[in-house]
Every structure is written in C-alpha cells, then in structure tokens.
Amino acid sequence: MTMRAVVHVNVDAMIEDLRTLVEIESPSRDLGALGVSAKTVAAVIENRLGGEAVLIESETGPHVHWSGGGEPKVLILGHHDTVFPLGTLERRPFAVENGRATGPGVFDMLGGLVQAVHGLALLDDLSGVEILVTADEEIGSPSSRALIEERALACGAVLVFEGAADGGALKTGRKGCGSFHVSVAGRASHAGLEPEAGVNALIEAAHLVLDIAALGRPEIGTTVTPTVASAGGVDNVVPAEATVTADVRVESAREQARIESAFAALAPHLEDAEISVHGSIGRPPMPESASADLFAVAQRLLPGLEGRSVGGGSDGNFTAALGVPTLDGLGAVGGGAHADHEYVMVDAMAERANLVAGLVRAIRNTQGNAGA
C-alpha cells in the first residue's frame, strides 16, 4: 500500500525549527557549543513530541535521547555536530531563497532531524519510538558507538536521517571507511656535507605512498587514497621524520580484513628506516541486504523512490553490521554536504516528514504493535 493521504505538515514551523538549530553552531569537539546545541535539540523534540529528552554526557559532547515509551521498536538516528567552525554562521547565515534553505549544517544533518521530529509529530501514538541524536558522528562516533549499538539492538530497526543521495534517493548501502596513519623514522644529516650519513624519511615515505595506493581495488569498490603527507622542515637537512595518511573505503568485510592486514604488513624500503602504522576501518561496510526490507516498505509508501549505495559512512554502518535492519538517507533532499553551497530543498520537506510517519507506522505494525 502507498502512503495514506498526506497529512498536512506545517512547513513554516519546520523552517523555524531548522533556523533555530542552524543558528546554534555545533562544531565537533567544541564541548561548549555542543552543550548548547544538545539543549536546543532536546527543546525542539520536547516542544513537538512532548515527553523528556535526556542529555547523555560524554567526552565528545552531550548526546540526546528521547523515548515514546513502551517496548522499543524503531530507532530514529541522527547527529547534531557539524564540520563547520564557529564563525561560519556570520559569513554564511541561515537563509531561505528560491526554494532552498542554506546555512552551515543545514543538509548534514540538521534538516533531517527537523523532518524526523515533525514526521513523528504526525503520529497519534509514539510508543516504541526512540530518538538518538549524537554529538560526535563527524569525528567517527568514538563515544557514541556503544550507545548507538545498544539502542539499535534493543529497537530492532533503525532509520538514519543523514541527507538523501543525489536526486532524493535513499542510501541503501554504504562502504566501510577509515583512515590509516603511517609514521617514518629516519636519521637526519647535512644535505650538502654528508647526505649519505642520513636516512631520508621523505624518500621512504615516497615509496610507501606508492605501496599504499597500490592496495586499492576500485573494480570491486575498494579505494585507498593517500591524502596527507609531511616531511622535514629545513631545506638543507635530510629529513628524519615523515608521515603519510590514507583514506580507505571498502564494500565487504573480506576487503576490510585484507586492507587492515596489508597496512599492518607494510615494511620499509631503506636500510635503517623504521615505520609504524596506526588506524583501522572504523566503520564497517553497510551491505544493501541490511536495508532491503525497509527500503521495500519505503518504495510501497512512496512509489518511484530510488535507492543508492554510496561511498560515505554514517552511524548506520554500525547498526547494519550488527544485523539490525537499517535504512539511511531519509534526511533532507538537497546537497553540498561539508561545503559552502550546502542546501535543502524546502518543497521536499513535507513529503519526507510524511515518509517518516509511514515507515514508523509500518514497522510497528509488522512487529505486532498497533500503530497510530
């Protein structure tokens, strides 16, 4: 069955809530700003849904948790931290023009949070629904991962409100992703008088960059991309230290294991050079099988809706890896994540809010709990 007649959503109220969240800047790692942001998110949830939104303190900032009571059935998952430093709002204030809402964090992912809350407000009964809005997704979810996994297992289904893929498609699969950092220790010497007495960490790093890049297998979705390198500091000294950082994306657990083993096995090329490797694929792959059932429900509710597997990671990777049905990309329709041209399409917000309500209703009905 398709979505029942679309319930009226007050888009002006959604825009005002979005403005409120955007104008409370919330860069990752800024505990003061995140504290204010968490309280603001909690206030929006309580204002629209009632009940109490609890702040869960952590070393990376406060997470926000709300429950509609009863046996847990579905987890609404999002984050309130953004990648933009304090002061971005002054340069790029919230605005709505030509059908687009713009401002720092509007697409990733404050617009999705607003849609989720207003969608849930359409339901007469919120029992079985939980909301978790974390403070550290943009930095890998170091403090929230255990909490995310706990609530996902308790609920049994997860809806993730990261921004939609291009064209409004839902995100039905994600690559596993992580970073590796390789440090090189060489030996300094005078570059003019006795370069042969040194061990050139920069030359060793150059060899390692090629070794690292060769680990990629793009034909099966594995990308290994050296992204940052540094070495030396004085132009007449053989550099004694160097570092190389690489971004890694994989589509399967097998490739995750291969890549992690390959980085651990990296060896120096120059005699007396030493290397050390740190890092991992912190977010495991989210296979399309994890979203298949929920995506089929979404397509019945909104015929013509498309799904897409994407390279970026989210907290949905964690929940899918546990075997919990997970559907991602339910947030704002728009684009420009992490960029100055970030935007949300206002005319899609009401439809996506209704989709939230339809999905939650369907999940609870499937699990034998009467919906609204």
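Arginine 151 is found in helix α5, which spans residues 145-155; helices here are DSSP runs of H or I with at least four residues, strands are runs of E with at least two, and both are numbered from the N terminus. The model is a predicted one, in which local features need pLDDT of at least 70 and side-chain atom pairs count only at pLDDT 80 or more, while totals for chains, interfaces and linings use all residues. Residues are numbered from 1 along each chain as its sequence is written, and side-chain values use heavy atoms, with hydrogens and water left out.

Arginine 151 is buried, with a relative accessible area of 15%, where buried means under 20% relative accessible area, exposed over 50% and partly exposed in between, for a 1.4 Å probe and protein chains only. Leaving aside neighbours within four places in sequence, arginine 151 is in contact with His65, Pro72, Leu75 and Glu130, contact meaning heavy atoms within 4.5 Å.

Helix α10 (residues 349-366) packs with two helices, as tabulated here.

| Helix packing with α10 | Axis distance | Angle |
|---|---|---|
| α4 (residues 106-120) | within 8 Å | roughly 55 degrees |
| α8 (residues 292-301) | 10 Å | about 125 degrees |

Axes are lines fitted to C-alpha atoms, for helices over the stretch in contact, and angles run from 0 to 180 degrees between N-to-C directions. The angle makes α4 oblique to α10, and α8 is likewise oblique to α10; angles under 35 degrees count as roughly parallel, over 145 as roughly antiparallel, 65 to 115 as roughly perpendicular and the rest as oblique.

On the α4 side, Val114, Gln115, Ala116, His118, Gly119 and Leu120 meet Met349, Arg352, Ala353, Val356, Ala357 and Val360 in α10. By class, this contact of α4 with α10 has eight nonpolar, three polar and one charged residues, where Ala, Val, Leu, Ile, Met, Phe, Trp, Tyr, Cys and Pro count as nonpolar, Asp, Glu, Lys and Arg as charged, and the others, Gly among them, as polar. In α8, Leu294, Val297, Ala298 and Leu301 meet Leu355, Gly358, Leu359, Ala362 and Ile363 in α10, and the residues of that contact divide into eight nonpolar, one polar and no charged.

An open sheet of four strands has the order β4-β5-β16-β15 with antiparallel pairing, two strands being paired if DSSP finds at least two bridges between them. β4 (95-97) and β15 (334-335) stand at the edges with a single partner strand each, so one side of each is left without a neighbour in the sheet. α4 packs on this sheet, touching β5 (100-102), β15 and β16, and its direction makes about 40 degrees with that of β16.
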